[in-house]
Amino acid sequence: MRVTVLAGGVGGARFLRGLREHLQVSPPDADVGAAARITAVVNTGDDMWLTGLRICPDLDSVMYTLAGVNDEARGWGRVGESERVSAELASYGVGWPWFTLGDLDLGTHIARSHLLREGLTLSEATSRLAARWDLGVELLPMSDQSVETHVVVDDPDTPGCQTTMHFEQWWVKHRAALPVREFVQEGLGAAVPAPGVLEAIAEADVVLLAPSNPVVSIGMIINVPGIREAIRTTAATVVGISPIISGAPVRGMADACLAAVGVATRADAVAAHYGSRLNGGILDGWLIDEADAGLAESIESAGIHTTVAPLWMRDAVTSAALAADALGAAGRIRRRRSGSSLRPESRQQAELA
Ligand code: FO1
């Protein structure tokens with residue numbers, strides 16, 4: 001079974017870890033043999049050049065989490081980190097003192113920057129870095145071209161003026177507290193999906209939208225020319241997981257991003273924002289938390305098959321259970337849509353049947 005996941009940083013990373021756990025645990029049938037194949041299409045809108053190094057926050061969060069070397073508490077960076085180089089950079093007044101680049105993390109950025117300067121694409125560099133660990137998930141950047149998210153805000157220092165800053169300045173330095181006029185994807189016009197991305201969407205049995213930020217993570221991925229259309233037309237079943245529970249983001253500040261694009265911070269509003277594939281959108285199914293069960297009917301009436309399930313990913317078990325619920329929803333939708341009475345080939349196919 002092939003599963004393709006659109007993912008941002010922390011929420012996407014944890015969900016991918018749960019999905020890998022679930023699919024590893026449910027072994028493929030002997031007669032089918034084919035193990036599950038998971039491809040992650042990861043947001044690169046947070047990427048930047050900083051102190052001469054290319055930083056890819058979401059790719060790194062996903063890679064470190066799947067490698068088991070992530071700082072689980074902080075949600076980003078490496079476990080057992082130190083910050084000696086970062087302190088030196090601050091002393092020299094170089095870089096962003098409020099954006100901590102740990103020593104181990106810098107190893108990743110130095111390696112990646114070296115590979116890019118050797119002429120590798122971001123995809124090639126990502127696969128070289130990931131090869132150090134047996135991640136069990138193929139990592140694809142959404143694009144090999146730079147598509148940085150920049151934020152247009154009212155300038156806090158000069159009232160009446162606007163200023164544009166990199167997403168990470170807005171997110172980390174200003175803690176998303178500056179009202180956003182506009183999110184801009186620098187370079188979007190010249191961007192194409194990275195090699196393998198469109199195939200991963202077209203050839204999947206299931207496409208999952210991880211519980212990542214709908215605006216600055218999932219939103220940025222589907223804006224890359226060709227990706228939204230690929231999701232709309234794939235033969236796969238497309239299921240998303242709400243990143244909002246009881247009107248609040250599971251983590252991060254998605255509410256500030258949703259407000260900026262006029263979407264209410266509610267599980268039904270985000271589903272409507274993505275839209276049903278039955279009428280021009282990208283969703284077949286949507287998972288909401290038990291706390292939001294009251295919203296199921298309105299989401300269903302928008303043509304989106306809705307599943308109520310526990311969405312909190314507290315540990316490996318709950319993350320794997322969420323992944324199982326998402327695949328189970330895809331199976332129910334597939335059966336309902338195709339009226340398939342075909343005997344599933346394998347236990348995993350049975351999950352989808
Ligand atoms: N987030 C913070 O809140 N403070 C930081 O100093 C910080 C540094 C940092 C360095 C590398 C990296 O890959 C991520 C880092 N993040 C930091 C997290 C980052 O803002 C988020 O991972 C995403 O970009 C937003 O989802």
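Set aside the neighbours within four places in sequence, and L66 is in contact with L16, R17, R20, L135, V137 and L139. This picture comes from a predicted model. L66 has its place in helix α2, which covers residues 57–67. Is L66 buried or exposed? Its relative accessibility is 4%, so L66 counts as buried, given that the cut-off for buried is under 20%. As for L23, this residue is 43 residues away from L66 in sequence, and the two C-alpha atoms are 14 Å apart in space.

Helix α2 also leads us to the ligand. Both α2 and α6 (167–173) supply at least two residues each to the shell around the ligand. Which element gives the most to that shell? The answer is α6, with three residues. In total, 13 residues surround the ligand, and the closest are D46, P57, T100, E168 and R175.

Let's now look at some atom pairs. Each row below pairs an oxygen atom of the ligand with an atom of the protein.

| Residue | Protein atom | Distance to a ligand oxygen atom |
|---|---|---|
| E168 | side-chain N or O | 2.3 Å |
| T100 | polar backbone atom | 2.9 Å |
| W98 | backbone N or O | 3.3 Å |

How much of the ligand does the protein bury? Taken alone, the ligand exposes 530 Å², and the protein buries 89% of that. And where does the ligand sit? The space that the ligand takes up is the largest pocket.

Technical notes
Residues numbered from 1 in each chain as written. Predicted model: local features only at pLDDT ≥ 70, side-chain atom pairs only at ≥ 80, totals over all residues. Heavy atoms only, no water. Helix = DSSP H or I, 4+ residues; strand = E, 2+ residues; numbered from the N terminus. Buried < 20%, exposed > 50% of the residue type's maximum accessible area, 1.4 Å probe, protein only. Contact = heavy atoms within 4.5 Å. Near = heavy atom within 4 Å. Polar contact = N/O pair within 3.5 Å; in protein donor to acceptor, adjacent residues only side chain to side chain. Areas by Shrake-Rupley, 256 points an atom, 1.4 Å probe, with all protein chains shown as cover. 1 Å grid on protein atoms, 1.4 Å probe; cavity = no way out; pocket = protein on both sides within 12 Å on 5 of 7 lines; lining within 4 Å. Sits in = over half its atoms within 2 Å of the grid points.
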